[in-house]
Amino acid sequence: MQPDSAAMTLSSLSSSAMSNGMLVSKTGSFCPIKYPRALHQESMFSHPGLLSKQSVLSKSLSVSANPAYQQLFSTIKPPSMEQTPKLLPMRESRCYSLGTAKQPSFSLGVKFQLDDVIEAQQFDRDILNAIFEVAREMERIEKNSPGSQILKGYLMATLFYEPSTRTRLSFESAMKRLGGEVLTTENAREFSSAAKGETLEDTIRTVEGYADIIVMRHFESGAARRAASTASIPVINAGDGPGQHPTQALLDVYTIEREIGKLDGITVGLVGDLANGRTVRSLAYLLAKYQDVKIYFVAPDVVKMKDDIKDYLTSKGVEWEESSDLMEVASKCDVVYQTRIQRERFSERVDLYEEARGKYIVDTSVMKVLQKHAVIMHPLPRLDEITVDVDGDPRAAYFRQAKNGLYIRMALLKLLLLGW
C-alpha cells in the first residue's frame, strides 16, 4: 500500500479509535504509528506495543477496511464515560496508551484492555458487558454464516496438563470458526517434554515461537500467572489446579444473564466441592462485581468454601451465608450452581472423598422446590450430583451453559488477537 492511500485509510477510521489509539512515550514524545500494510487481503494498521505484550513483536492489530467487518462489530456500543485523560502504563512496553479516568475505550480498533486472561479479578463490569456484547456477535457468526476468517493466519497453541473435554474443544472450535488454526497437546503432563523434566517457563518460551496465543490448563495453582509472566504473546488460563478458571466464570455469568435476564439483585447457591472447585472461586469473584447479590455456600464439611473467598466477598459488601440444607437454599435461589466432588484433589484420602461424595444431589425433589424462573447450572463433567431425570426440565441450563462457552471463547480470542 502506498503512503497516500495508507493515510486515507487511517483518516477514514473514527476519531474515537484514533484518539484512543494514540501513543505517548515515557519521555512525553509521541511514538510513531506505522502505515497500514496488506495482510490476508485486508487493510491493517500496526501500533507497536499496543497489541503485543512486548514492543519487539510485529503482529498487527487488525482493523478491516472491509465494510462487512465494520458493520459486524459496529453494534458494540461503548458505555458512556467521562473523558478525563490519564496515562495508563502498558506492561513490558516502552509506550503509554492514552486512556480515560473511569474506563478504557471500547471503540472499534482499540486494543483490548488485558494482555492475558489469568484470573477473574482482572475484569470490571464495563469490560464484562462489552465482552458479552462481542459474544453475542460471535453467536450470530456461528449460527448465521458458514464461518468467519477474521483470525485467518493466526495460530493458537493449547497446552493441557490436565484432562479436558469442553474447555479444550470449545477453544479449538472457537479458533477454527474464526478462521484460525490450532496446535494442540492434549496431555502435556505425560506426552510433552514436561515428562522429561522441562520447566514450564522453558516450555512457554518454546511454544510462543510457534503460535500467536497460548491456552493452558495446569495442575498447579498459579501456573498460568507464571506462564503469562514468561510469554510475550497472550496467555489464557484454562484452569490452574484448585486456583481459578476465569473463562468458565465468564461463560457462567453470561449464561446467568441470558437465563435470568439480570445480574444485579440475584441469589446464587454454590453447591458441592467449594474448597477445590476453581470454577466456583472464579464465579464468586465475578458475582462480587454486581449489586445486591446474595450467595449461599452448600458443601460437605471437608470441602467448604475457603476463607479467602469469604473475606473477599465481605470486603466487597456481598452478603453470603453457609447452609447445610440444599432444599431450603434451592427454594430461595435464582441459580443453583452444582459441582462435582473432585476425586483428583483428595490424593490418597479416599475416606474424605467418600465422606463428601453424594451428600448434596440435585434430583426431581429439588426441582419441585426450585422457583419457576430459576435454573440449575453445572460446569461439567457431572457424576451423580445431578440425576439424569433432571435433564429434561427446561430449568436445567448446564448444556446451554456449555454451548455459551464457545461464544465467550470466540470473543476472547478475537479481542486478545485483534482488539475491539
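This report walks through the sheet, the cores, the aromatic pairs and the salt bridges of one predicted model.

## Ground rules

The model is predicted, so local features need pLDDT of at least 70 and side-chain atom pairs count only at pLDDT 80 or more, while totals for chains, interfaces and linings use all residues. Residues are numbered from 1 along each chain as its sequence is written, and side-chain values use heavy atoms, with hydrogens and water left out.

## A five-stranded sheet

Let's start with the strands. Helices (H or I, at least four residues) and strands (E, at least two) are DSSP runs, numbered from the N terminus. Five strands make an open sheet in the order β12-β11-β10-β13-β14, with parallel pairing; two strands pair if DSSP finds at least two bridges between them. At the edges stand β12 and β14 (375-377), each with a single partner strand, so one side of each has no neighbour in the sheet. On average, neighbouring strands are turned by 20° against each other, direction ignored.

Further in, β10 (residues 267-271) pairs with β11 over five bridges, in the parallel sense. Here valine 268 stands opposite isoleucine 295 in β11. Helix α9 (residues 246-260) lies across β13 (335-338) and β14, and runs at about 165° to β14. For that angle, axes are lines fitted to C-alpha atoms, for helices over the stretch in contact, and angles run from 0 to 180 degrees between N-to-C directions.

## Two nonpolar cores

A nonpolar core is a set of buried Ala, Val, Leu, Ile, Met, Phe, Trp, Tyr and Cys residues joined through side-chain atoms within 4.5 Å. Buried means under 20% relative accessible area, exposed over 50%, and partly exposed in between (1.4 Å probe, protein chains only). The largest core has 76 residues, and Ile131 and Leu270 touch the most other members. Its largest share, 11 residues, comes from α15.

What does leucine 270 touch, leaving aside its neighbours within four places in sequence? Its contacts (heavy atoms within 4.5 Å) include Ile295, Phe297, Met305 and Tyr337. Another core, of 20 residues, lies apart from the largest one, and Val336 and Ile386 are among its members.

## Aromatic pairs

Rings of Phe, Tyr and Trp (its six-membered ring) pair if their centres lie within 6.5 Å; planes under 30 degrees apart count as stacked, over 60 as edge-to-face and the rest as tilted. That rule gives six aromatic pairs. In one of them, the ring centres of phenylalanine 112 and tryptophan 420 are 5.5 Å apart and the planes meet at 75°, so this pair is edge-to-face. These two partners are 308 residues apart, and both are buried.

Phenylalanine 297 and tryptophan 320 form a tilted pair, 5.9 Å centre to centre with 40° between the planes. Phenylalanine 297 sits in β11 (residues 294-298) and tryptophan 320 in β12 (residues 319-323), so the pair ties together parts 23 residues apart in sequence. Phenylalanine 297 is buried at 2% relative accessible area, whereas tryptophan 320 is partly exposed at 28%.

## Salt bridges

There are 26 salt bridges, each a side-chain nitrogen of Lys or Arg within 4 Å of a carboxyl oxygen of Asp or Glu. Glutamate 139 and arginine 258 meet in one of them at 2.8 Å, N to O. That pair links helix α4 with helix α9, 119 residues apart. Glutamate 139 counts as buried at 10% relative accessibility, while arginine 258 is partly exposed at 39%.

Arginine 281 and aspartate 308 form another, at 2.5 Å, N to O. Arginine 281 lies in helix α10 (residues 278-287) and aspartate 308 in helix α11 (residues 307-315). Salt bridges with shared partners also join Glu133, Arg136 and Glu257 into one network.
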